Amino acid sequence: MVQSVRGMRDVLPDEARRWRSVEDRIKYLMLGYGYEEIHLPLLEATELFSRGVGEGTDIVEKEMYTLTDQEGSGITLRPEGTASCVRALQEHGLLFNQTQRVFYSGPMFRYERPQKGRYRQFYQIGAEVFGAGGAEVDAELISMCYRLWCDLGIDRRVHLELNTLGSSSVRKRYREALVTYLTPLIDQLDEDSQRRLSRNPLRILDSKNPQTQALLEDAPVMSAFLDEESVANYERLKELLNQLQVPYQQNDRLVRGLDYYTDTVFEWVTTDLGSQGTICAGGRYDGLVEMLGGKPTPGSGYAIGLERVLLLHELDHAEREPRSADVYCCVVDPAQHGWAMHFIEQLRELAPDLRIRLHAGGGKLKNQLKRADQTGAQWALIAGDSEVTNNRVAVKFLRTDQAQVEMGLNELAAFLNNAIQS
Ligand code: ATP
Ligand code: MG
């Protein structure tokens, strides 16, 4: 048998059921904050990411699935959603002089080392706000996440880490200071950090290597370089979070992997998933629209890693009895299969909220009832000879010891509608 490609996961029914419910709740919440959904393509021009995400980043340097199409154009399977979001809104004239609140969802692709919580195809749900600067929007985005974790019942397992990267000129000066400090120590840095020193030195700050971290103890800190405006913004954000009662921790070493961030950056982190601990990450990227060729437009947003959220959610919310059907219809005589199908079709029309599964594959009634039980259904319908003749079915109660009864279509629909509502 052909196997799946490394890093590509199948989401099987038990997980998909929980996935759908979590994804629906996230989107419902985003709609509730006045964000509108947009759908973006999986393929974009490679240049969008080399410019938007940044040449020196891990994503662009080594993680992209890039190919040349039949016309010779360089295209890339999207590794993230923000650059596409900007591209789409810009292309359709929805950015300039407007405030937009949008969300997107779907698979992203990065060629990295697969492990639990880290895949080559993974699913993000992201929210972005364009055209509004300032700490208020950042606070809204953060408190929206917080409400979400509470709603999903995982708030006790995550905490918020917060930092500010200042304006791009501040970052530039800080970068220089960091390089000046680290250059004489280059031989003591881990291999990745040595490479980053020339390409993306800020990333060294979040190296996981203990020796590198020790060297950073005496490194210059970003906060000493911030200009007044960035400091004021950061203070305002913290004030708002206090007011909203969203707990946070300051982390001076928090930098984000993508080049486009300015001022606020944040991550929601758990210690329960090993080293894949960030379930959601975001920040402000006021320079991005301009970098991609638009008019200066502030932007801020975050992306949730859905697989990691589900891994966390599962720890407390493993479903005990997965149910795939409410009603299971058994067919005693294969000659009556057509009748049963027709009966069920009419029932679906009268009771559209019910999940009704029709038995397939024949076999003894006893075995069919065993299947019915496995689906978690509460009721089995049995179409036998005498029932079919009278246009009725026998209803067997699978979860209580109520006696079996016979019902016609309308009576059955009314009964089931009533039963699943309560
Ligand atoms: P990491 O440091 O874990 O590689 P990142 O900084 O590259 O994360 P972002 O680009 O900020 O991640 O993406 C936002 C979120 O998407 C992450 O916090 C994480 O939850 C999720 N994510 C990123 N890469 C992967 C992946 N390869 N597999 C599963 N989820 C991922
Ligand atoms: Mg990464």
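A few ground rules come first. Residues are numbered from 1 along each chain as its sequence is written, while chains are lettered from A and ligands numbered from 1 in the order in which they are written. Since this is a predicted model, local features need pLDDT of at least 70 and side-chain atom pairs count only at pLDDT 80 or more, whereas totals for chains, interfaces and linings use all residues; side-chain values use heavy atoms, with hydrogens and water left out.

Now look for ligand 1. It has 16 residues around it, and the closest are R110, E112, R118, R256 and T278 (a residue is near a molecule if one of its heavy atoms lies within 4 Å of it). Some polar contacts can be picked out here, meaning pairs of N or O atoms within 3.5 Å; within protein, one atom must be able to donate a hydrogen and the other to accept it, and residues adjacent in sequence count only if both atoms are side-chain atoms. A nitrogen atom of ligand 1 sits 2.8 Å from a polar backbone atom of Y119. An oxygen atom of the ligand is 2.8 Å from a polar backbone atom of T278. In the case of R308, the side chain takes part: one of its N or O atoms is 3.1 Å from an oxygen atom of ligand 1.

From T278, move on to strand β10, which covers residues 278-284 and has six of its seven residues buried. Buried here means under 20% relative accessible area, exposed means over 50%, and partly exposed lies in between (1.4 Å probe, protein chains only). Strands (E, at least two residues) and helices (H or I, at least four) are DSSP runs numbered from the N terminus, and two strands pair if DSSP finds at least two bridges between them. Strand β10 has strand β9 (residues 262-269) as an antiparallel partner, over six bridges, with F266 bridged to G282 in β10. Strand β11 (residues 299-305) also runs antiparallel to β10, joined to it by five bridges. In that pairing, C280 stands opposite I304 of β11.

Next come the charged pairs. A salt bridge is a side-chain nitrogen of Lys or Arg within 4 Å of a carboxyl oxygen of Asp or Glu, and by this rule the count is 29. One of them joins E314 to R18, with the closest N and O atoms 3.9 Å apart. That pair links distant parts of the chain, since E314 is in helix α11 (residues 306-317) and R18 is in helix α1 (residues 13-32), 296 residues away. E314 is partly exposed at 38%, but R18 is buried at 10%.

R236 and E239 also form a salt bridge, at 2.8 Å between the closest N and O atoms. They lie three residues apart in helix α9 (residues 228-243), so about one helical turn separates them. R236 is partly exposed at 31% relative accessibility, and E239 is partly exposed at 45%. There is also a network of salt bridges, linking D58, R196, R203 and D206.

Finally, what about the cysteines? A disulfide is a covalent bond between the sulfur atoms of two cysteines. The rule used here asks for a pair of cysteine sulfur atoms within 2.5 Å, and the structure holds zero disulfides. For C150, the closest cysteine sulfur is that of C145, at 11 Å, so the two are too far apart for a bond. C280, the residue opposite I304 in β11, is in no disulfide either, and its nearest cysteine sulfur, in C145, is 3.9 Å away. C280 is buried, with a relative accessible area of 1%, whereas C150 is partly exposed at 34%.
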